[in-house]
Amino acid sequence: TALVTVNNVAPTVDAGPDATLDEGDTFLGAGSFTDPGADTWSATVDYGEGAGPQPLALEPDGSFALDNLYEDDGVYTVTVTVTDDDGAAGSDTAVVTVNNVAPVVDAGPDAAIDEGDTFTGAGSFTDPGADTWTATVDYGDGSGVQTLPLNSDKSFVLGHPYPSTGVFTVTVTVTDDEGASGSDSLLLTVNAAGAPPPPADDLIARAKSEKVDLVWTPVPGAVSYNVYRSTVPGGPYDLVAAGHLCDYCAYADFGLTNGVTYYYVVTSVNASGESAPSNEANATPTARRSR
């Protein structure tokens, strides 16, 4: 007789390659193990987030799949351990680097208010990371950067009085606990208080050769006038003169084609806006007859 002693061999594990991903993404990996013995095996995986080892399913060919959502940035060591039925274990690790992602901010749509009113708006931000955040807002009127409270659902509310007219850029910035920040802006137009002026109601058009003269009575409260022209009754109209100034209101439209009928409306304008169109007047330029 001869005595043959067969020693157990621990499994040899390959946890797969290292990986890099963004926070909020899922790490998907694959590995395998070998063992020359006719054993049975069990396995665990520790994804390095502090939860400890958890059971890992093994395929008959010795392979396994890794799957874990990383909600925060950091460098994590993934440890796979395979144990045979004699208690011998083999392990291997893979390093998963999770990059931080900056917040993406939506400050809300552009808006318009009257001077002396308070602008109110609402916005939100997104961030796939399990972070904490702070936010600021600059209302663009020289009042400086202010702290902006954030709601638990990643929304925020904007509110600020504007005593003067102008166009202001409102900028919201959200910063995560890693120092990465995202910003977005909206344009706020603050108009002069009050209503636009009334429209002119006595527009007259007089034709000459390649020219039409327009005349109308000045409108109380108007600062300037816009003149519109069309070759179709009722429009659509093209703007031919913007910000036209006049005391005795007249406008000469040159370079026209004789024999074509042109249709005109005029609007009055002040700091609060533009009026509705005036009555429509038309005229047909005609070549002068030679004597």
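**Backbone, disulfide and overall form**

Analyst: Lys154 is placed in the loop between β13 (145–147) and β14 (155–161); strands (E, at least two residues) and helices (H or I, at least four) are DSSP runs, numbered from the N terminus. This is a predicted model, in which local features need pLDDT of at least 70, side-chain atom pairs count only at pLDDT 80 or more, and totals for chains, interfaces and linings use all residues. Residues are numbered from 1 along each chain as its sequence is written, and side-chain values use heavy atoms, with hydrogens and water left out.

User: What is phi of Lys154 near?

Analyst: Phi of Lys154 is near 70°, a positive value in a residue other than glycine. Lys154 is partly exposed, as its relative accessible area is 22%; buried means under 20%, exposed over 50%, and partly exposed in between (1.4 Å probe, protein chains only).

User: And where is Glu210?

Analyst: Glu210 lies in the loop between β17 (204–208) and β18 (211–216). Its phi is near 60°, again a positive value in a residue other than glycine. Glu210 counts as partly exposed because its relative accessibility is 44%.

User: Which residues does the cis peptide bond join?

Analyst: The cis peptide bond joins Gly235 and Pro236, with omega about 10°. Pro236 belongs to the loop between β19 (224–230) and β20 (238–244).

User: Changing topic: how many disulfides does the structure hold?

Analyst: The structure holds one disulfide, a pair of cysteine sulfur atoms within 2.5 Å. Cys246 and Cys249 form this disulfide, and their sulfur atoms are 2.2 Å apart.

User: Is that disulfide right-handed or left-handed, and why?

Analyst: The disulfide of Cys246 and Cys249 is right-handed because the torsion about its S-S bond is about 80°. Cys249 has 0% relative accessibility, so Cys249 counts as buried.

User: Now the whole chain. How many helices and strands?

Analyst: The protein chain has zero helices and 24 strands. Its C-alpha trace spans about 145 × 50 × 20 Å along the principal axes.

User: What is its radius of gyration?

Analyst: The protein chain has 38 Å, whereas a compact globule of 291 residues would have a radius of gyration near 19 Å. The radius is taken over C-alpha atoms, and the globule rule is 2.2 Å times the number of residues to the power 0.38.

User: What share of the residues counts as buried?

Analyst: Of the 291 residues of the protein chain, 36% count as buried.
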